[in-house]
Amino acid sequence: MAQAKIQAKCNEVCGKFNRTMSMADRAGQLLSSLDQLEVRVEALRETASSMEQERECILEMIQSLQNSQEMHNISAGEREELTLTADRLMGRTLSVEINVGTIRSSQQEEALCKATSIIDEIVQKLLVDMTESRRRLLALHSACVTEAPPVPIDQKFQAIVISCALEDQKKIKRRLEMLLRSVGNAEKNIKIMDHQKLEEPKTNGSQ
């Protein structure tokens, strides 16, 4: 009888020990699964971010083609057909919606709002004074790069950007780069059109 009680007690202890090990094993498996899912989540975010950048790039290229000097050097019929095609591509690209959310603290949220407001203010003045706006955009962009920039840095803007979330810092830099390219293309087209205007009297006079 005593031996039976001892065996029963041993079986009870061993049973508890096995159940505990089983729970630990299950917890370990669940943790391993979550670790694997975390890798996939980060890969998903990186892929979505790359797609977001590709969408921005395509939109910028379409706009650049629409505003290019080449579009003015073709016949009206060809221009109309190309414009319709560009508009169709623009619409199809805009129909692709990609949103990679960023988790921010209240401080990071405030910093992003300040940075966005500063850029928006410059954008609104682009048509009024493109040269000065370009200078300011260059100063803002210099605040976002790690290498020594060739132009003065906007120290105030740099402090604001540093307070932003890392993903927002990258987006701010990309937006400034896109704006600078747009301004550069606009200045180039203006110079070409102005040059053609100046050349017209010479052409007419030689005929």
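Modeller: Start with a cut-off for accessibility: buried means under 20% relative accessible area, exposed means over 50%, and partly exposed lies in between. By that scale Glu167, at 31% relative accessibility, counts as partly exposed. Note that this is a predicted model.

Biologist: What does the side chain of Glu167 meet in a salt bridge?

Modeller: The general idea is that side chains of opposite charge can pair when their charged atoms come close. Here Glu167 pairs with Arg45, at 2.8 Å from N to O. Arg45 is partly exposed, at 27% relative accessibility.

Biologist: Which side chain meets Arg181 in a salt bridge?

Modeller: Glu60 does, with an N to O distance of 2.7 Å. This pair links distant parts of the chain, with Arg181 in helix H6 and Glu60 in helix H1, 121 residues apart.

Biologist: Is Glu60 buried or exposed?

Modeller: Glu60 has 13% relative accessibility, so Glu60 counts as buried. Arg181 is partly exposed, with a relative accessible area of 42%.

Biologist: Where do Arg175 and Asp120 lie?

Modeller: Arg175 is in helix H6 and Asp120 in helix H3 (residues 106–124), so their pair ties together parts 55 residues apart in sequence. Their side chains meet in a salt bridge at 2.6 Å, N to O. Arg175, at 27% relative accessibility, is partly exposed, and Asp120, at 30%, is partly exposed.

Biologist: How many salt bridges does the count come to?

Modeller: The count is 10 salt bridges. Arg104, Glu109 and Asp168 are linked in a network of salt bridges.

Conventions. Residues numbered from 1 in each chain as written. Predicted model: local features only at pLDDT ≥ 70, side-chain atom pairs only at ≥ 80, totals over all residues. Heavy atoms only, no water. Salt bridge = Lys/Arg side-chain N within 4 Å of Asp/Glu carboxyl O. Buried < 20%, exposed > 50% of the residue type's maximum accessible area, 1.4 Å probe, protein only. Helix = DSSP H or I, 4+ residues; strand = E, 2+ residues; numbered from the N terminus.
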